[in-house]
There are 2 protein chains.
Amino acid sequence: MKAARATLADVARLAGVSLGSASRALSVPDQVKPQTLESVQRAVEQLGYVRNGAAQALASRKTRTIAALYPTLNNPIYADSIQALQQTLWAHGYQLLIASHEYKADREIDAARAIVERGVDGLILVGTDHPPAVLDLVHQYALPYVLTWSVDNTHYPHCVGFSNFDAAYRLAKRVVEHGHTDIALCGGAMEGNERARARVAGTRKALAESGIALRPEWMLEVPFSFEGGRHALRTLLERGARPSVVICGTDLQAIGVLDECRTQGIDVPGQLSVTGFDDIELANITHPPLTTVHVPSFEIGARSARHVLALVEARPAQDEMVLDAPVVMRDSLGRL
Amino acid sequence: MKAARATLADVARLAGVSLGSASRALSVPDQVKPQTLESVQRAVEQLGYVRNGAAQALASRKTRTIAALYPTLNNPIYADSIQALQQTLWAHGYQLLIASHEYKADREIDAARAIVERGVDGLILVGTDHPPAVLDLVHQYALPYVLTWSVDNTHYPHCVGFSNFDAAYRLAKRVVEHGHTDIALCGGAMEGNERARARVAGTRKALAESGIALRPEWMLEVPFSFEGGRHALRTLLERGARPSVVICGTDLQAIGVLDECRTQGIDVPGQLSVTGFDDIELANITHPPLTTVHVPSFEIGARSARHVLALVEARPAQDEMVLDAPVVMRDSLGRL
DNA sequence: CTGAAAGCGCTAACAC
DNA sequence: GTGTTAGCGCTTTCAG
């Protein structure tokens, strides 16, 4: 119980072997005589020895740590993916260093610097649209990285995600099939966020194919939160807009719209239809249940972890990287 | 854009100063002549130099990294606290290494080992009840740590949280005030989880004061999830139990119960009342809105970050560490 | 205020 | 298989 940390040299001395053998016993046990292995293990046990990660990292140039940089950590869609990410990395003996940039470009750049400084083995980023400074840094240090969530607007080969454009397109097609022509959009900030842009673009294309144009004053940009959705609907009503459907960029916003509808006594889908995007667990519990796009967030987390490790360890990647994001029809869009 | 990482020696050479001066220019800029500082900064800029964290950590014995070990990362209550934690650490120049143990003792021990190995400066743990091996390890290496969420069942001085016992007691008092005597409990696994235990104990005390005893067959242990809550209600009904209220250990479970009530056509609070615990954002949006205990999860994250940093940097701690967790009355418990 | 030099604890050749 | 040794890149005395 003393605070002085035992070193590998202590272990080696106690085990009566050399530093090198002690090191090998721990990292490549099968390159060591069983007897040596055993005496080292006993010494480790006895001293309560724990490796010094910094020294190991310095000497081996590996940290066994992967960093992930997310927009926010408490959006359920990201939280789910982080959970899967952490589990998968853990299963492979890696740790997770985590940061968020709150959708701010300069925060992202600072975070990237800090991450490179900590010397992680690989990096996971959300989305394909990043400040040049971030990608420059990552390239300069030849840090293996994967882009997640989106395969839109990029030629980078290591993306684990789906086409937000296509998914939004398919959803909007269903909205049109339900006879809607008075359509409002509740989206979020699009700068540095190709997912938000692709979702709007996909929606716009589907509507355009039916000759429906989006009115600028019916297109709102609000935060990705319940309150954002509530605010959007209030704004719409204040402007005298009377859409028959609100297509939301995320489930969080859609649920906010639903909640505001209840407050205002608006029947969904009777008077107004609402759609979301993400298919968080909650989307199936709302009143009415939410029509949305299913985003495989756990799967994205797990696969991006495996993929970045394949990159780090220079192994061939196994997983399919483009995932499905099917439309999930529920009552908030009404019935045909 | 070459992969070879510039070292401090390169910087020093280019700046025409010694290694030591270059180092000082970066870490203690005011102990260096302005001119030296400037030429070092120029060299850093020019080489795109980024510190090698492993070397810095090895030499200085500081990693500027704090680890947090949570039960799970995607429970909204933890996700919120992680978000606050990360933000606060970031503001102080620290990174966050994160792990989860999924409520399994051996996973927690392994995670603790891995964390100690990575050599973090401090540690944040959820709850007061941990496997002895975890605390032994942490003590052996004199790793500063804070316990969060709970101040129940411990004498450890560095706890940031609230009394789960008291909060549950207060909530149960309100339930009794509403005339309930047929009371079911929907809790979670209690092993290694003093929060769950304290919540049941607090509830039990309040009921006992009114001469109400809990029937063992009306006390369920289910996962901390929507599905857990649904399952609990189904089980209760199958057993022929007809409670007038279900007191849930967490909002997630309570919302599951609410959802199952809707499925089964049970009116809340007309036929059955439901209470939660946590006051996640969602609790205010359910039908009916949920009576629950407000747990200040952001505040816990922020304060525990500040507190562990105070410990790490041997500064006096500023914040009050025992927080309020008020009962929030909403419609799911009915009206008096 | 600055330069020189001694490590921090470990890995990875290299020779035996 | 094993021991020896030379660093990994930085911080931190210690002189000056």
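I take a polar contact to be a pair of N or O atoms within 3.5 Å; within protein, one atom must be able to donate a hydrogen and the other to accept it, and residues adjacent in sequence count only if both atoms are side-chain atoms. I note that the model is predicted, so that local features need pLDDT of at least 70 and side-chain atom pairs count only at pLDDT 80 or more, while totals for chains, interfaces and linings use all residues. Residues are numbered from 1 along each chain as its sequence is written, chains are lettered from A and ligands numbered from 1 in the order in which they are written, and side-chain values use heavy atoms, with hydrogens and water left out.

**Entry: B:S163**

I looked up B:S163 and found it in the loop between β5 (159-162) and α8 (164-177) of chain B, where helices (H or I, at least four residues) and strands (E, at least two) are DSSP runs numbered from the N terminus. B:S163 is buried, with a relative accessible area of 16%; buried means under 20%, exposed over 50%, and partly exposed in between, for a 1.4 Å probe and protein chains only. A polar atom of the B:S163 side chain lies 2.9 Å from the backbone nitrogen of B:D166, and the B:S163 side chain also makes a polar contact of 3.1 Å with the side chain of B:D152.

**Entry: DNA strand D**

Of the atoms of DNA strand D that come within 4 Å of the protein, sugar and phosphate account for 66%. I see a polar backbone atom of B:L8 at 2.3 Å from a phosphate oxygen of DNA strand D, and a polar side-chain atom of B:Y49 likewise at 2.3 Å from a phosphate oxygen. In both chain A and chain B, α2 (19-27) and α4 (53-60) each supply at least two residues of the surface near DNA strand D.

**Entry: strand β2 of chain A**

I checked β2(A), residues 95-100, and found that six of its six residues are buried, so the strand is largely enclosed by the rest of the structure. A:Q95, A:L97 and A:A99 point one way from β2(A), while A:L96, A:I98 and A:S100 point the other way. With β1(A), residues 65-70, the strand pairs in the parallel sense over six bridges, where pairing requires that DSSP finds at least two bridges. On the other chain, three bridges join β2(A) to β2(B), residues 95-100, and these two strands run antiparallel; there A:I98 stands opposite B:L96.

**Entry: helix α11 in both chains**

The 14 residues of α11(A) should span 20 Å, and the end C-alpha atoms are 20 Å apart, which agrees. In chain B, α11 (residues 251-264) reaches 19 Å from its first C-alpha to its last, close to the 20 Å expected. Eleven of the 14 residues of α11(A) are buried, so that helix is largely enclosed by the rest of the structure, and α11(B) is mostly covered, with eleven of its 14 residues buried.

Methods:
Near = heavy atom within 4 Å. Expected span 1.5 Å × (residues − 1).
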